[in-house]
Amino acid sequence: MSVRDILRLGAPSLRVPAAEVQREELGTPELLQLVADLVDTMVAADGAGLAAPQIGDPRRVCIVELRDNPRYPNLPPIPRTVLVNPKLTVVGDGWVEMFEGCLSVPGLRGKVRRPRRVQVRAFDEHGTPLHLVAEGAAAAVVQHEVDHLDGVLFVDRCDPRTLSFLNEYEQYVPAGVRIVDNAAQGRCRLEPC
Ligand code: NI
């Protein structure tokens, strides 16, 4: 296990679409090591997720997890989930707006509107197929991480007029608009379906 350096905005490899993981790589020590490094690096940096390109590995692997996160105190928990070769399908036309941040864009937040519900098909690191549904802020977090696998960062998708440094975000963005889910009883979840 090791905490790896996180590439920052401007590093060219953050902009390169990642490569599919081959079936024979699933469950190998090399892939398990990558996942362990992603977990260690995400936990050390208080991230809500991390994608392999952010630590310089060009494969389609990302993780998400939310648990007592000081960077996102108003988000409910999301179980630690490893996604290999994830494919997302938008369900419905609802949206969620969230002031997103990124470990590769330290110190900035910006408002991104995304579909509020997605179906996720992926493998875990051992090769077990995953069929998940993500809703609300959890759907936003998953989409943010999968974007990294396509070389896309939240600054590409955010309303540029909402970009804020962290101190100004905390000072001027009221808690009630940091996450807005357009579903009346919008749930936040990432679970099997
Ligand atoms: Ni990110």
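Is His144 buried or exposed? His144 is buried, at a relative accessible area of 6%. Here buried means under 20% relative accessible area, exposed over 50%, and partly exposed in between (1.4 Å probe, protein chains only).

This is a predicted model, in which local features need pLDDT of at least 70, side-chain atom pairs count only at pLDDT 80 or more, and totals for chains, interfaces and linings use all residues. Residues are numbered from 1 along each chain as its sequence is written, and side-chain values use heavy atoms, leaving out hydrogens and water.

**View 1. The nickel ion and its protein donors.** Cys102 (SG), His144 (NE2) and His148 (NE2) lie 2.1 to 2.3 Å from the nickel ion. Donors are N, O and S atoms within 2.8 Å of the metal (3.2 Å for Na, K and Ca); water is not among the atoms, so sites may look incomplete. The donor spacing in sequence is C-x41-H-x3-H. Cys102 belongs to strand β4 (residues 95–102) and His144 to helix α2 (residues 137–149), so the pair ties together parts 42 residues apart in sequence. Helices (H or I, at least four residues) and strands (E, at least two) are DSSP runs, numbered from the N terminus. Cys102 is buried, at 3% relative accessibility.

**View 2. Strand β4 and its partners β5 and β9.** Strands pair if DSSP finds at least two bridges between them. Seven bridges link β4 with β5, antiparallel. A hairpin through two residues connects them. Three bridges link β4 with β9 (residues 179–181), also antiparallel. Met98 faces Val112 in β5; its bridge partner in β9 is Ile179. Seven of the eight β4 residues are buried, so β4 is largely enclosed by the rest of the structure.
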